[in-house]
Amino acid sequence: MTATGISFRGVSHTYRPPRGQPVLALQDVSLEVREREFLALLGPSGCGKSTLLYLLGGFLPVETGEITVAAKRVAGPGPDRGIVFQNFALYPWKTVRQNILYGLEKQRLPRAERERRAQELVELVHLRGFENSYPAQLSGGMKQRVAIARTLAVDPAILLMDEPFGALDAQTRALMHEELLAIIRRRPKTVVFVTHDVREAVYLADRVAVMSARPGRIKEIVDTSFAGERGAEIAGTHAFAEKVEHIWGLVRNEAILAQERREP
Amino acid sequence: MAGVSAIGQALLRWASILGVLALWQGFAEAHVVSAFLLPAFSTVVVRLYHDVVSGDVILGIALTLYRAFAGFALAAVAGIAIGVMIARVPPMRWFFDPLVSIGLPMPKIAFLPVFILWFGVFDASKILMVAFSAVFPVVVSAWAAADGVEHVLLWSALSLGASRAQLLWEIALPSSLPQIFTGLQVAMPIALIVEIISEMAMGGEGLGGSIMTDMRFADSPGVFAGILAIAIVGAGLVRAMELIRRRLLVWHAEASAA
Amino acid sequence: MKAALTRYSPLLLLAAVWEAAPRLGLIDKDTLPPLSAVLRAWMELLRDGDLAVNGLSSLQNLSAGLALGVVVGVTLGILMAWYRPIEILINPLIRVLYPLPRSALIPVTILWFGLGAASKIAAVFLGCLLPVVIGAFNGARGVEQVLIWSALAAGAKRHQVLWDVVLPAAMPEILAGIRNALALSFILLVAAELLISQRGMGYLISSFGEGGAYDAMFAGVLTVSAVGFFADRLYLLLMRRALRWRA
């Protein structure tokens with residue numbers, strides 16, 4: 001077991017809404033994520049892929065099964081697992097700089113060190129000149145860059161991303177893909193990336209775990225590492241197209257199933 | 001399972017209220033504070049019952065509601081008319097805009113002695129005081145509502161052959177009703193608050209007048225019984241406004257949300 | 001400057017009518033003393049200290065009651081949103097008490113605290129408590145889950161989250177609740193002073209009214225109205241400043 005290896009064993013999760021029947025969201029999920037691997041969790045909406053991520057983050061209690069990080073059971077949130085949400089989850093009352101500083105303040109680093117690291121991250125995500133802007137003054141792509149910088153600030157070994165580019169337009173999303181890959185090249189991390197976009201998953205990830213419609217299960221794990229190459233290097237290749245095609249086939253049926261279940 | 005928890009929820013909801021009432025009763029019976037400062041809850045309920053049976057409270061409620069409603073109705077009619085005119089007629093906007101922007105946040109209650117001076121201490125004075133206090137939120141909401149009527153709605157009605165009068169009654173009014181009603185819902189509690197203050201200051205019976213009299217005679221069970229009656233009336237009014245709103249705005253998205 | 005003059009020109013018109021109508025005999029001078037007489041009375045109140053003594057007393061009681069209401073209200077509201085047992089305990093009481101026209105409590109505060117400052121402070125406090133509680137409760141309850149999770153993931157403790165995330169995220173609704181409370185506090189204070197008291201602007205107005213000094217009475221009414229209006233404007237300014245992050 002490596003320092004940041006993640007393992008899900010027999011994880012099930014039941015969602016209990018305040019009103020109405022409990023829903024089995026995840027059923028018997030077992031999965032290993034290797035150190036410094038980029039794993040995409042792919043599935044139709046409502047398949048529980050975000051729930052799986054929240055369980056790993058420690059935000060929801062693990063009721064059935066076990067999740068371990070570096071051989072230790074997950075028992076709550078911690079700065080070893082940074083998370084980036086779809087709708088950015090920035091603190092709207094804090095400026096860009098203050099948002100990035102927040103995690104560093106919780107780490108009790110000396111002030112000068114905090115400021116130095118915050119500035120470094122501002123540069124890393126290309127937001128120089130916007131340090132004192134409030135989130136409401138930024139575009140969607142810029143907001144998500146701030147959110148990524150805020151998460152990277154505490155230097156987590158594991159990066160959890162919950163459809164981080166889902167709220168962005170296609171062009172911004174493509175740019176953000178390049179930036180994310182560049183950041184991970186400079187600061188290697190274990191990444192668990194939730195998405196429902198097949199192309200995005202194949203483009204970014206080393207492996208793609210395809211999930212079934214509710215109750216969510218791991219249907220198949222597809223290797224998308226292309227001999228260590230990623231992103232633009234492989235996007236136009238025949239192999240890439242084949243992988244997308246294959247995974248799309250897997251997801252399609254599940255998406256139809258999910259659709260039917262939502263509109264009885 | 002769901003049934004049990006629903007009953008449990010209802011019990012919990014009442015538990016704290018019953019708890020506070022029990023605490024009140026216990027405090028009073030243990031003479032922690034004197035019966036003058038805090039008469040026992042049972043004493044207050046018995047007193048309210050007697051006042052109801054003797055008809056005093058019923059008359060008080062009737063008088064208070066009559067004057068509060070009359071003032072509220074005046075405020076509603078005048079407020080909606082002024083609000084719509086501000087939105088539609090430029091000279092009206094010129095004249096009323098500064099008055100409304102100053103009048104809304106201004107503490108109108110200070111004008112109470114002025115109303116006594118001008119209109120005396122009887123019903124007319126109280127009704128006008130209530131109307132003056134409650135009119136501003138109605139004006140503002142009617143103004144905003146009339147300003148916000150979507151032009152596509154008006155245009156489509158015009159192209160379907162509606163006349164100008166029909167436009168106002170059949171399109172503009174219904175589409176601005178939710179917002180106007182919000183203003184009325186703000187105005188209603190103000191009307192009651194001010195009516196009670198007016199009765200306290202001017203006399204003339206009513207719930208506010210009677211608790212003030214009871215206070216002057218140091219009749220504390222009477223004061224608390226009066227407050228209990230006012231609380232019941234207030235709760236009934238708020239609830240009634242909610243029901244009317246739901247009935248009136250069945251078509252509105254909020255009705256299905258609630 | 002010129003825009004403001006055009007905007008507020010109807011007020012000048014009204015002021016002119018106010019001055020002219022009693023002078024021309026259209027209205028009895030006791031019913032409506034001319035504006036100039038009211039202003040003269042105001043200067044006199046200023047000179048002999050009546051305005052300072054009573055105005056200060058009113059402002060003190062208002063600020064004390066309001067401050068107490070804000071501190072208690074914000075604490076209660078946020079705790080209600082954060083700890084379920086507190087919500088179960090307090091929320092039903094609030095639902096029952098909220099529709100009560102708060103002015104009905106003035107006689108009780110007088111029974112309990114007498115005719116002095118304490119009863120005025122209590123009336124203002126009771127009047128503004130609930131809007132603040134409800135604002136803080138709704139604001140804190142509406143905080144997005146992901147904001148809390150982000151803070152926890154960054155290493156914040158639960159009580160730190162309350163301070164770092166819940167309070168600022170609830171601030172827009174807290175501040176809106178306080179604005180309602182400010183308006184209510186003026187109503188309750190002036191009403192309590194008008195009814196029974198020995199000091200304060202409401203007392204000043206009602207005693208001039210009873211004594212037939214109508215020019216001074218109108219001067220008092222104008223003063224209270226103006227202070228209430230400017231208090232709201234000042235508050236709005238500070239509120240916008242505090243919430244400038246909302247863009």
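In the predicted model, helix H5 of chain B (residues 112–119) contains four buried residues, B:Leu112, B:Pro113, B:Phe115 and B:Ile116. Viewed down the axis of H5(B), these buried residues fall within an arc of 160°, and they therefore line one face of the helix. An α-helix has 3.6 residues a turn, so residues three or four places apart point the same way. The buried residues of H5(B) pack against elements of two chains: helix H6 (123–147) and helix H8 (164–202) of chain B, and H9, H10 and H11 of chain C. Just after H5(B), B:Gly120 adopts a positive phi of about 85°.

Of the 2 pairs of chains that touch, chains B and C have the most contacts. Chain B gives 44 residues to this contact, and chain C gives 41. On the side of chain C that touches chain B, the elements giving two or more residues are helices H2 (9–23), H5 (84–97), H6 (106–113), H9 (158–195), H10 (201–211) and H11 (214–242) of chain C. H11(C) provides the largest share of this side, with 8 residues. By residue class, the side of chain C that touches chain B divides into 32 nonpolar, 6 polar and 3 charged residues.

Chain C also touches chain A, where 21 residues of chain A are in contact with 16 residues of chain C. Two elements of chain A, strand S6 (81–84) and helix H2 (96–106), each give two or more residues to the side that touches chain C. This side of chain A is made up of 13 nonpolar, 6 polar and 2 charged residues. Chains A and B, by contrast, do not touch, and their nearest C-alpha atoms are 8 Å apart.

Within chain A, the domain assignment gives domain 1, formed by the segments 6–80 and 157–262, and domain 2, which spans 90–155. The C-alpha centres of domain 1 and domain 2 of chain A are 25 Å apart. Contact between these domains of chain A involves 11 residues of domain 1 and 8 residues of domain 2. Helix H5 of chain A (residues 170–186) supplies 4 residues, the largest share of the side of domain 1 that touches domain 2. The residues on this side of domain 1 of chain A comprise 9 nonpolar, 1 polar and 1 charged.

How values were computed:
Residues numbered from 1 in each chain as written. Chains lettered and ligands numbered in written order. Predicted model: local features only at pLDDT ≥ 70, side-chain atom pairs only at ≥ 80, totals over all residues. Contact = placed C-beta atoms within 7 Å. Nonpolar A, V, L, I, M, F, W, Y, C, P; charged D, E, K, R; others polar. Buried ≥ 20, exposed ≤ 12 C-beta atoms within 10 Å, placed from the backbone. Arc of directions from axis to C-beta. Domains from an automatic or database assignment.
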